[in-house]
Amino acid sequence: MSDEYKLWEKKQQDKGVNIGWVKERLKSFKVETPSWGYGDSGTRFKTFKQVGVPRNLFEKLEDAAQVNKYTGMCPTVAIHIPWDKVDDYGKVKEYAAQLGLKIGAVNPNLFQDDDYKFGSLTNVKPDIRRKATEHMLECIDIAKEVDSNIISLWLADGTNYPGQGDFRMRKHYLEQCLKEVYDALGDNMRLLIEYKCFEPAFYHTDIADWGMSYTFSSKLGPKAQVLVDLGHHLQGTNVEHIVAFLLDEGKIGGFHFNNRKYADDDLIVGSINPYELFLIFNELITASLDESTAQTAANIAYMIDQSHCIEPKIPAMIRSVLNIQTAYAKALLVNRNELKQAQEADDVMAAEAIVREAFETDVQPLLEAVREEMGLQPDPMATYIKSGYGEKILSRGIGGKGWE
Ligand code: AOS
Ligand code: ZN
Ligand code: ZN
Ligand code: ZN
């Protein structure tokens, strides 16, 4: 234990922080990384190919294993079908296990087939809706084969012009298709429904906001929940409020962490607005301590949804994971008893200060101590860079597939 850490711990204990509890929470916290974040991805203008990116799912898993090795908190990997389609999913499961990993959420792709030009599950043509539904059912089968219990749906459907589609008909089509998908879920499976206000469609999106995701998932039943992607809101939206509201309703099932300045930029998590990330964790932790919301909070799938256009993929992923861990650690330090008292006294200044002071606390000594106790190196990024893995994979050449 370093002297720096001892001093840090003493200071926190004097403030009433239960260090044992904080460390336990940090050690058990896990976040899933996306297979597509390891491949080449881009903006709608250009995908810059990088040397050394994975050429198939197996290599994506190898890279994900590196992130898990140095951070100790990423044992699952989300997959995207058909980008990650293989003949034998048994082999995928086996290879993942060899690498100390498991397959996480299975993401259907309802946006890259020419047939989906005017929509997939909301398409006015019954045969296209059938095809899209079949793809969802195929993803459920794949999830069963790889022992995953999450189907994560992002629906790109929408229209570009007023009059182009019948909003209510499309809503009915979607309800019908989702019902069929929902009924095919296994006992322990969940359907997480993402929302997004725009893009690729620019006039309307069929699942545009959390209220619509909430409505669809409520009608479906308890196995359907809302997925909150941090890049999918209009500017200025109070995301932590949405999170708290959905927690209270038992209807938040997962996150897609990323960051943005303007739109759905899919930048490194916590790179632009770390305070927002911290405030989201603050709500999650508070809910985890409240009996009525503890179960929902305990079942949240924390996932990164990030596309790296100019960044080297593995370091960008490690940076996101570390930023998430940092925000979470800071949120664990909020003195909730004092905050409650301040709220009850309508003490605006004290309440704001309690939250902000936790955010301003340097948690690096704590994170280093936790990593040491987990048998990890104190600086995951530096350790990864030094490992030489980044140079080793250059022999893969060019041509990995990601967000194409
Ligand atoms: C798209 O905007 C959504 O965030 C999706 O969750 C995700 O980026 C996509 O499924 C990856 O292709
Ligand atoms: Zn997403
Ligand atoms: Zn997105
Ligand atoms: Zn995004």
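Start with helices H8 and H9, whose crossing is right-handed (the near helix is turned clockwise from the far one by less than a right angle). This is a predicted model, where local features need pLDDT of at least 70, side-chain atom pairs count only at pLDDT 80 or more, and totals for chains, interfaces and linings use all residues. Residues are numbered from 1 along each chain as its sequence is written, while chains are lettered from A and ligands numbered from 1 in the order in which they are written.

Select residues 239–248 for H8 and 274–288 for H9: they pack at an angle of about 15°, with axes 9 Å apart (axes are lines fitted to C-alpha atoms over the stretch in contact, and angles run from 0 to 180 degrees between N-to-C directions; helices are DSSP runs of H or I, at least four residues, numbered from the N terminus). That makes H8 roughly parallel to H9, a label for angles under 35 degrees. Now show the side chains in contact (C-beta atoms, placed from the backbone, within 7 Å): Val-239, Glu-240, Val-243, Ala-244 and Leu-247 of H8, with H9 residues including Leu-279 and Ile-280.

Next, select 167–184 (H6) and 210–220 (H7), whose axes come within 10 Å and cross at roughly 50°.

Key. Helices (H or I, at least four residues) and strands (E, at least two) are DSSP runs, numbered from the N terminus. Angles under 35 degrees count as roughly parallel, over 145 as roughly antiparallel, 65 to 115 as roughly perpendicular and the rest as oblique. Two residues are in contact if their C-beta atoms, placed from the backbone, lie within 7 Å.
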